[in-house]
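User: I am new to this structure. Please take me through it step by step.

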Amino acid sequence: MNKNFNFLPSQYKKNNSKINHNYLSSQFSDYKKILNKISKVVKRNDFTLGEEVNKFERNISKLIGAKHVLAVGSGTDAIMLSLKCLGVEKGDEVITTPFTFYATIGAIVTSGAKPVFVDVKDDYNIDPDLIEKKITKKTKAILPVHWGGKICDMKKISKIAKKYSIPIVEDACHAILAKKYGKFAGNFGSMGCFSLHPLKNLNAWGDGGFIIIKDSKDFRKLSLMRNHGLVSRNKTLMFAYNSRLDTIQAVVANHLLKKLKNITKKRISNSNYLDKKLNYFKEVQLIHREKNSTEVFHLYCLRIKNKKKEIIKNLIKNGIDVKVHYPVPMHLQPAAKNLGYRKGSFPVTEKIASETISLPVHEFITKKNLNKIISIFKKVYG
């Protein structure tokens, strides 16, 4: 057995980039303050669904105006548990996008359902005009993904969902504090699902997630589902799951919550600056920024129409950590071979995947860093 298998070492070797996507050392430079708070948890033996978890749920509810908030083990669990709560089971279908992270589809499949893909628009989000034709008697949920922190067209999606009495579960794992139509992401559907993975805008020191829940009955059901169905130490009302946010991770998340508004503000500022400068290059296609909508730029993505390899090569050569999110859409993954899709099934998704790159815009990126990134585009395109 490969001893290093758990760590995927070839993908996570430390690179020599000076302008990096990974900013965790800087973000948690005050880790001693967090460790001091964790020491109090240790002294109280408050490790499982502890007071810090309750505090985190209250903080999120207040922050984004959610009626109910439930902290769980991961963003993936948040989606899977939400689907199971709504009664999704084997043989059912869930409509979603092929342009997402593996976890979205994994949550659908592990809930027992079949993912039914709908192509995206140029903004990387699911095309609502294509949803209705994919609805069948087996459709049990619509699962839009707010890609990169940009909220989908939830007015159209909600109208379709209401017409067919199909619940919406939002994958808002990229979208904490994103806002549209006066609502925060996660508040449009029956449930909104978020991740606290270390590379998210609001993060912890391991896996974690939470669910925003509209209906009180669903909240009570999910409260049981995340904790073995227990109502007391000796009584269970259902045989369910173990998906509890660790108290220690809640300590970290609560600590970072105090910084979240500034983190978001800085990401928006950096992204707006890149938008302004990169918009001059005809070879670059930026995502349309809607008025009266707040994007939070978990990812800053752009499409390169010409000399993509040259741009990537020059960025890396100059110490800039450029990434591709994601080069192979979900319908073309080996795991999806039994779903019946093939190359060409979703042309917009495939075109975006072939042209997209991601640039770092986190709160520790300086104006000097941004100008260096821009200088590479000037060098390549003239």
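User: By class, how many nonpolar, polar and charged residues are in the lining of the second largest pocket?
Analyst: This is a predicted model, where local features need pLDDT of at least 70, side-chain atom pairs count only at pLDDT 80 or more, and totals for chains, interfaces and linings use all residues. Residues are numbered from 1 along each chain as its sequence is written, and side-chain values use heavy atoms, with hydrogens and water left out. Ala, Val, Leu, Ile, Met, Phe, Trp, Tyr, Cys and Pro count as nonpolar, Asp, Glu, Lys and Arg as charged, and the others, Gly among them, as polar. On that scheme the lining has nine nonpolar, three polar and one charged residues.

User: What volume does the second largest pocket have?
Analyst: On a 1 Å grid over the protein atoms alone, a pocket is an open set of points with protein on both sides within 12 Å along at least five of seven lines, while a cavity is a set where a 1.4 Å probe fits but cannot get out; lining residues have an atom within 4 Å of a point. Grid points are joined across faces, edges and corners, and a volume is the space filled by probe spheres set on the points. For this pocket that gives about 270 Å³.

User: Which residues that line the second largest pocket are the closest to its centre?
Analyst: The lining holds 13 residues. The closest to the centre are I105, V109, A335, A336 and L339.

User: Which element gives the largest share of the lining of the second largest pocket?
Analyst: Helices (H or I, at least four residues) and strands (E, at least two) are DSSP runs, numbered from the N terminus. The largest share is four residues. They come from α5.

User: How much space lies in the largest cavity?
Analyst: The whole structure has two cavities of 30 Å³ or more. W147, K150, R289 and E295 are among the residues that line the largest one. Its lining divides into six nonpolar, one polar and three charged residues. The space in it is about 80 Å³.

User: And how much space lies in the second largest cavity?
Analyst: Its lining includes C173, F194, K200 and F210. By class, that lining has five nonpolar, two polar and one charged residues. The space comes to about 40 Å³.

User: Is A78 buried or exposed?
Analyst: A78 sits in helix α4, residues 75-85. Buried means under 20% relative accessible area, exposed over 50%, and partly exposed in between, with a 1.4 Å probe and protein chains only. A78 has 0% relative accessibility, so it counts as buried.

User: Which residues does A78 touch, not counting those up to four places away in sequence?
Analyst: A contact means heavy atoms within 4.5 Å. By that rule, A78 touches V72, C193, F194, F210 and I211.

User: Why is helix α8 largely enclosed, and what do its buried residues pack against?
Analyst: Helix α8 covers residues 247-257, and ten of its eleven residues are buried, so the rest of the structure largely encloses it. Among the buried ones are V251, V252, H255 and L256. The buried residues pack against α1, α2, α3 and α9.

User: What radius of gyration does the chain have?
Analyst: The radius is taken over C-alpha atoms, and the globule rule is 2.2 Å times the number of residues to the power 0.38. With 382 residues, a compact globule would have a radius near 21 Å. The chain agrees with this, at 21 Å.
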